[in-house]
Amino acid sequence: MNADAHAGDITSVPKLLERNVALYGQRPAYREKEFGIWQSWTWSEAAKEIEALALGLLLLGVAKGDRVAIIGRNRPALYWSMVAVQRTGAIPVPLYQDAAAEEIAYALDNSGARFAIVGDQEQVDKIADVREDLPGLAHIIYHDGQGLRKYDHAAMTSLADVQAKGRESGDKAKLKALTDALTYDDTCVMLYTSGTTGRPKGVVLSNRNVIETAKNTAGFDHLTEKEETLAYLPMAWVGDFIFSIGHAYWAGFCVNCPESADTMHADLREIGPTYFFAPPAIFEAHLTQVMIRMEDASRLKQKMFHYFMAQAKEVGPRILDGEPVGLWARLKYAVGDFLVYGPLKNRLGFSRVRVGYTAGEAIGPELFDFYRSLGINLKQLYGQTEATVFITQQPDGQVRSDTVGVPSPGVELKITDAGEVLYRSPGTFVEYYKNPESTASTKDPEGWVATGDAGFIDPKSGHLRIIDRIKDVSKMQDGALFAPKYVENKLKFFPNILEAVVFGAGKDRCCALINIDLTAVGNWAERNNIAYSSYQEISQHPKVLEIIKGHVNAVNETVAKDEMLAGCQIHRFMVLHKELDADDGEMTRTRKVRRAVIGDKYDDLVTALYDGSASVYTETEVTYEDGRKGKIKATLQACDASVAPVAPQKVAAE
Amino acid sequence: MNAMADSYVTEDGRTIGGVLMDLREITLRFGGVEAIKNISFDIREGEIRAIIGPNGAGKSSMLNVISGFYKPQEGEVYFRGALRPAMKPYQVARQGIARTFQNIALFEGMTVLDNIMTGRLNYMKAGIIKQAIWKGAAEREEIENRAHVERVIDFLDIQAIRKTPVGRLPYGLKKRVELARALAADPKLLLLDEPMAGMNVEEKEDMSRFILDVNDEFGTTIALIEHDMGVVMDLSDRVVVMDYGRKIGDGTPDEVRGNQEVIDAYLGVAHD
């Protein structure tokens, strides 16, 4: 392959950029929708923008080894900033743009960032709030100047001005020397893990980590310079760094940035990516949208949809996996593709997806199969920041909803006696920044990293299967296995349920707290002429509780069929009066529930579920987006679910 | 009055220029009712000027005088130094005055984009025949104006609803679209009739930020009517207070806040 021919002397991302200019100079590297039009930059143009910015940064005093925070939504200028920072020998530290001021302050302080490159006024304001406590922060560079005209510009410059200065009087020779001096073991990027427990940690990834991983996994899926991808996931997340920089630079494909956070769906449709990544929550949101629209569609359309979706469910995944399928079934699938699947995929923006991945959370089998049955090559991967994403992934044609695939190229895997998954790979992180204890407790001297997940290798397929976080898997009072996530995922497949948290460790039975999905339930309410004025009110509506109860009963039925986990059926549940939110610390920024926090915070509710109370009055503290706190009060109903009898033949045998 | 001599710089560093509009001894009657009684004040270039007062104080009538919709029986209106004659609404628009309305006046069936495009009407010169032929002048013109409108859309952060019919939007967004249409006209003087009415706290904060940004970014002079005192005091450079058609206060927010007559008007002291 063309790309490999130049691989030898590439020891950094800036070197990959140089190579791409030589190989793909006139091909698009970045696109962004602005002012209603897709603006694009070729690799040559992007390299010039990056150079100007790097030269300007040097003039501002950025020096080798400095940490430079980058905060904002996905925009070409911020991706350029990452590479420009690397060119100067400094280290980019992308941070979550929706993080509250104190979270940003922690990361800026912990990383010792001297500079911050930010998207807009919102981020400037956040840093201004905490700047007093950050004496090390010398200068802020902003991209979008709207509303910033009146601000004190003594230690603040616009990105365009930095570039202009760089073009005008930058020292190109010095910059080239700094870029050429980068080695394979120099730090490429520092990423803060969201952490379901404790303070975030700065994961240090080297050029070797990023480039080796990108090379191996781009080969795994045969990514070429012709891919198109949409960059919409947080830039601070390792996945985005690998897909939008690692893979994009290795394979030389184009990264497309949406116009704004709200236009992502429309932009997705316009771009039609060939390589697409999304956490299950996004696929779930898409499916919820589809289902809601179908409810509103005409009778005929509904009939057609359900008829062909049933057909797709039967043969779609098998066709995708290249298994033998009868001619008649294939014909029907082709008609379905013309009438339903094709238009639907087009509507969703998935018409051209060649490789699609989901990860971050386990995906419900029904959800997974829905997309596969449409003919979308959706696969699962399993990874973490410390591994530069990839631990295992599913090869084409070997995709199953209950496993996460085979070890990625170059990754070694082993399972401890306690059932914990360990890995070792070229992507294994260097260290946690300024935290040798955590580094030592996570990575042993031989380079094996503990994932914290319980899992096993499926003997039939040789694929890894993850059960749950090892600290969450436990026993119930009677010794039965308790794996909350398994049940929660089943609940979350219902469009009406956004989140669920199941309790039951050490108890005699399981109970659950549930979040309704306001989009789905709100639509249902509208169609049924049910008026409501707030989330809280609709969440406690008797008819809503009735619907949720139906879902819980249905889940209990399927859980009862699993011999190992039959004890995890939900006996009682409550629908929460507020959405679980990262701002309240109940979830991570990547939307993983923090079980312990929720258990503590809603202790009164959990107690009421177990002591048999019919309802409970509660006050909950909430944090608004601007950091202010408030309280909401509510009386919540506890609902009883019907529990299916547990595998009777087994009871008889005992 | 020498307009240029007394320009000044505000605390936050903006330069407020000379007098843009001067209203002298305005009296407006509807039959026997005197809606405005002998009021004089001016609006300076680059400032945010608020007109406040209790219900029925004559604020909206005043705005209609400023916009040229009402012709006062007595008094004169000077705009950019010249006495303004009676004018038709389109002539007012051509002078560089744009406005929003208290009870939203958008084309409900049209998309957000089309609504905002109507704000560019005064910049479209191609006649009906050129428009029909389309290629050439009309097309160039449309592209130029669309580019301008897209900047406004970006500025007000409404990209996601560009193609949505206005009728389907919630109230707060409709208000923003109306502001967008007014801005699209590139006004010298922007008149806002109760821009925050009926909004929740978050929407009010957003709208305040946009008003400040418009003033800051484009240097647009803004005259607004509002009865939410808190918002007005935070936003404005100078405030005119009206009550029963009379002017009872005029000055910076601080000056107005300390004015006994203003306090009385808002607390509802009986008038003799």
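Strand β11 (residues 238-243) of chain B is largely enclosed by the rest of the structure, because five of its six residues are buried. Buried here means that 20 or more other C-beta atoms, placed from the backbone, lie within 10 Å of the residue's own. Helices (H or I, at least four residues) and strands (E, at least two) are DSSP runs, numbered from the N terminus.

A word on the model itself. It is predicted, so local features need pLDDT of at least 70 and side-chain atom pairs count only at pLDDT 80 or more, while totals for chains, interfaces and linings use all residues. Residues are numbered from 1 along each chain as its sequence is written, and chains are lettered from A and ligands numbered from 1 in the order in which they are written.

Strands pair if DSSP finds at least two bridges between them, and the table sets out the two pairings.

| Pair in chain B | Bridges | Direction | Residues standing opposite |
|---|---|---|---|
| β5 (residues 48-52) and β11 | four bridges | parallel | B:Ala50 and B:Val239 |
| β11 and β12 (residues 246-251) | five bridges | antiparallel | B:Val240 and B:Asp250 |

β11(B) and β12(B) also make a hairpin, with two residues between them. In that turn, B:Tyr244 has a positive phi of about 45 degrees.

Zooming out, chain B splits into domain 1 (1-96 + 189-272) and domain 2 (108-186), with bounds that come from an automatic or database domain assignment. Taken over C-alpha atoms, the domain centres are 27 Å apart. Where the two touch, domain 1 of chain B puts in 10 residues and domain 2 of chain B nine; a contact needs C-beta atoms, placed from the backbone, within 7 Å. On the domain 1 side, α2 (89-94) and α7 of chain B are the elements that give two or more residues, and α7(B) gives the most, with four. By class, that side has seven nonpolar, one polar and two charged residues. Ala, Val, Leu, Ile, Met, Phe, Trp, Tyr, Cys and Pro count as nonpolar, Asp, Glu, Lys and Arg as charged, and the others, Gly among them, as polar.

Then there's the contact between chains: 15 residues come from chain B and 11 residues from chain A. On the chain B side, α5 (137-155) and α7 (201-218) each give two or more residues, with α5(B) giving the most at five residues. The chain B side divides into three nonpolar, two polar and 10 charged residues.

Note on methods:
Buried ≥ 20, exposed ≤ 12 C-beta atoms within 10 Å, placed from the backbone.
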